[in-house]
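User: Could you take a close look at one part for me, the place where the two chains meet? I'd like it in plain words, please.

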There are 2 protein chains.
Amino acid sequence: MELISFTKQHISLSPEMEAEINNAFRRETYPKNHKLVQPDNFSQKVFYLEKGIARTFYIKDGKDITHSFISEGAFFLSIESIFYDTASPYGAEILEESVVRTISYQDLEKYFDKSNPLQKLSRIVMVNAIKTFSDKLYSIQFQSAQERYNSMLEKFPDIMLRVPLGNIASYLGITQETLSRIRAGK
Amino acid sequence: MELISFTKQHISLSPEMEAEINNAFRRETYPKNHKLVQPDNFSQKVFYLEKGIARTFYIKDGKDITHSFISEGAFFLSIESIFYDTASPYGAEILEESVVRTISYQDLEKYFDKSNPLQKLSRIVMVNAIKTFSDKLYSIQFQSAQERYNSMLEKFPDIMLRVPLGNIASYLGITQETLSRIRAGK
DNA sequence: CTTTGCTTTTGATCTAAATCAAAAAGTAAC
DNA sequence: GTTACTTTTTGATTTAGATCAAAAGCAAAG
């Protein structure tokens, strides 16, 4: 979904501000496997995924762990870099050719100062992030691998088909072998 | 820590706004075991814990699970009620006599409209929440019960001493028996 | 169509932590 | 003190999912 359409779903902006915002975000197309951000790096950019699929990931004991999937209409930013001024363990990778809108957080903040609705939008986006984490925490803590797989199938049926098994397994917090057995229904 | 001192650590406010905010938050003292919010209820209040300890919790299969500990200088609000307009599974309970500041989200939002610094503060508080969840998710997914216990000892040494074992175990995502064995060093 | 290099599946074994059950230790009430 | 109740510890057993190892499936490259 286009950045501006997304924005309008949640807040209303003056036509001027709308145009200004739309200009302020660069638009780029990236191929599969492109890294928007490398893990353990510093990035103050804010990304919005207009079309495609991406994921955030990190390296733990040499293994690649999917931290979250980014679907169309979602934002990604490195909280560690922007708010804690440190490198972030999380990288972001494009999984299918995608259209990405980009702005630096510094620039975005200028618009926050000019526009209360935009600040409201940022709260909405952040609250969504909190909810997503909270839900995932719950699922890791209380659901079996099988249950987590089922609810992911419900929530992201598209991702399950379009993404390599290993990425999904690490996201679900299980090994690839276990995921394979679950899929086979054993 | 006093609400206003906390605020000043992060943003600067005009003396007038400072006084206004300070008046807008009610101040109350609650005894141990008092529930600020019952689980599965609707609450649009925002709480700030000025002194004491509290926890958020929910009921899962009849069992009481600690979702987070609220230490001095932390905020609590029901995201589900305020942003999703539904009942929240999470309740909040005072664990030791505490001084709590309270405001309705509606009232707080009015100040957001008047004050950009306050909006910035709300972003900081939310980002902290995201970071906390993100860290806890990591610990549940990759650390053994023993490791989680150790890092909690480091992070919240005070809580470990002042709170019943069962509350801590459910927070760590383990049974009380396992926590007891870990403590005994077995 | 065969070789090379992934990705996925299958099999056997191991282990951390859960569960079930009961004893022990604390705490408060009389 | 003794009784009743709650919290914590200890013990025996079970289990979900990990780990290790190898086989099977698949896709691109020559």
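Analyst: Let's start with what counts as touching: two residues are in contact if their C-beta atoms, placed from the backbone, lie within 7 Å. Keep in mind that this is a predicted model, where local features need pLDDT of at least 70, side-chain atom pairs count only at pLDDT 80 or more, and totals for chains, interfaces and linings use all residues. Residues are numbered from 1 along each chain as its sequence is written, while chains are lettered from A and ligands numbered from 1 in the order in which they are written.

On to the contact itself: chain A puts in 21 residues and chain B puts in 21 residues. On the side of chain A that touches chain B, helix H3 (79-84) and helix H5 (116-142) each supply at least two residues; helices here are DSSP runs (H or I, at least four residues), numbered from the N terminus. The top contributor on that side is H5(A), with 16 residues. By type, the side of chain A splits into 10 nonpolar, six polar and five charged residues (Ala, Val, Leu, Ile, Met, Phe, Trp, Tyr, Cys and Pro count as nonpolar, Asp, Glu, Lys and Arg as charged, and the others, Gly among them, as polar).

Now for how the partners pair up. Of the interface residues of chain A, 100% are also interface residues in chain B, so the copies meet through the same surface.
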